[in-house]
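Q: Hi! Could we go through this structure together?

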Amino acid sequence: MRTFRTNRGPFAARPFYKPTEIDRICGDALKAAGLMPDAPEAIRIDRFVEKHFKVSPRYEALPDGVLGFTAFGPTGVTAIVITTALDDEGGSVSERRIRTTLAHEAGHGLLHTHLFALGEKPPKLFEDGHDRPEILCRDVHGTPHESRYDGRWWEFQANRAIGGLLMPRGLVTKAAAPFCEERGGLGLPALKEDQRERAARELAGIFDVNPVVARIRLDDVFAREDSGQLTL
């Protein structure tokens, strides 16, 4: 990870992570918490939050369109809060959106805690104008509010962590094997294009995520031949 000084956004410094770095950070954290499965299955993201950050996710009424926020103190994450609107909706789609939002907030904790620990105090991340050490989130992929970053790199990075936490790369490769074929001189697995949607539906069930999250992760792990990847 490299860090750049910047005058854009709420932080004076901007960390730059390669996608492989985010995958490694997420994978190492899951393993350290004892929550990386040996075979493809749903990640216990709520338990990960409890074990890694030593906080229990809680639900509160938040402003319209706000899905959650992560609060920071001098030593790290002090709270992860999800809007009660998601919990009130009920159903499997809503439950999966809660899982995705928890992973997004955990991504902030894994990737951005050091910005607060170093004394950064980003102003107006909360829209009421209060200067509080919290990152408020609307742009969680797999939701109606996705993919409108407007230069908010911290949201982009937290969305990248959703895949690393809920669909670890190695487990995705295993789960997608029936939909792949070997290509190239090294015989590397490649997802068959006519099987991509079927694979997304299958992996959505295995990892307990909504299909759009599975599609994005498959595009990340198995790039499309025409490079027409979905974006976070």
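Q: Let's start with Arg-217. Where is Arg-217 found?
A: Arg-217 is found in helix α8, residues 211-221. Helices here are DSSP runs of H or I with at least four residues, strands are E runs of at least two, and numbering goes from the N terminus. Before we go on: this is a predicted model, where local features need pLDDT of at least 70, side-chain atom pairs count only at pLDDT 80 or more, and totals for chains, interfaces and linings use all residues. Residues are numbered from 1 along each chain as its sequence is written, and side-chain values use heavy atoms, with hydrogens and water left out.

Q: Thanks! Is Arg-217 buried or exposed?
A: Arg-217 counts as buried, at 3% relative accessibility. Buried means under 20% relative accessible area, exposed over 50%, and partly exposed in between, using a 1.4 Å probe and protein chains only.

Q: What does the side chain of Arg-217 reach?
A: The backbone oxygen of Met-167, at 2.9 Å. Leaving aside neighbours within four places in sequence, Arg-217 is also in contact (heavy atoms within 4.5 Å) with residues including Asp-23, Gly-163 and Val-172.

Q: And which residues does Met-167 touch?
A: Not counting residues up to four places away in sequence, Met-167 touches Arg-217 and several others, among them Ile-162, Leu-203, Phe-207 and Val-213.

Q: Which residues touch the most other members in the largest nonpolar core?
A: Phe-48, Phe-53, Leu-110, Leu-165, Met-167 and Leu-218, out of 50 residues in that core. A nonpolar core is a set of buried Ala, Val, Leu, Ile, Met, Phe, Trp, Tyr and Cys residues joined through side-chain atoms within 4.5 Å.

Q: Which elements supply this core?
A: Those giving at least two residues each include α1 (19-32), α2 (45-53), β5 and α8. Helix α4 gives the most, with seven residues. There is also a second, separate core of six residues, which includes Val-66, Ala-71, Ala-79 and Val-81.

Q: New topic: why is strand β4 described as largely enclosed?
A: Because six of the six residues of β4 (residues 68-73) are buried. Gly-68, Thr-70 and Phe-72 point one way from β4, while Phe-69, Ala-71 and Gly-73 point the other way.

Q: How many bridges join β4 to β5?
A: Six, and β4 and β5 (residues 76-83) run antiparallel. Strands pair if DSSP finds at least two bridges between them. A hairpin links β4 to β5 through two residues, and Phe-72 stands opposite Val-77 in β5.

Technical notes: Polar contact = N/O pair within 3.5 Å; in protein donor to acceptor, adjacent residues only side chain to side chain.
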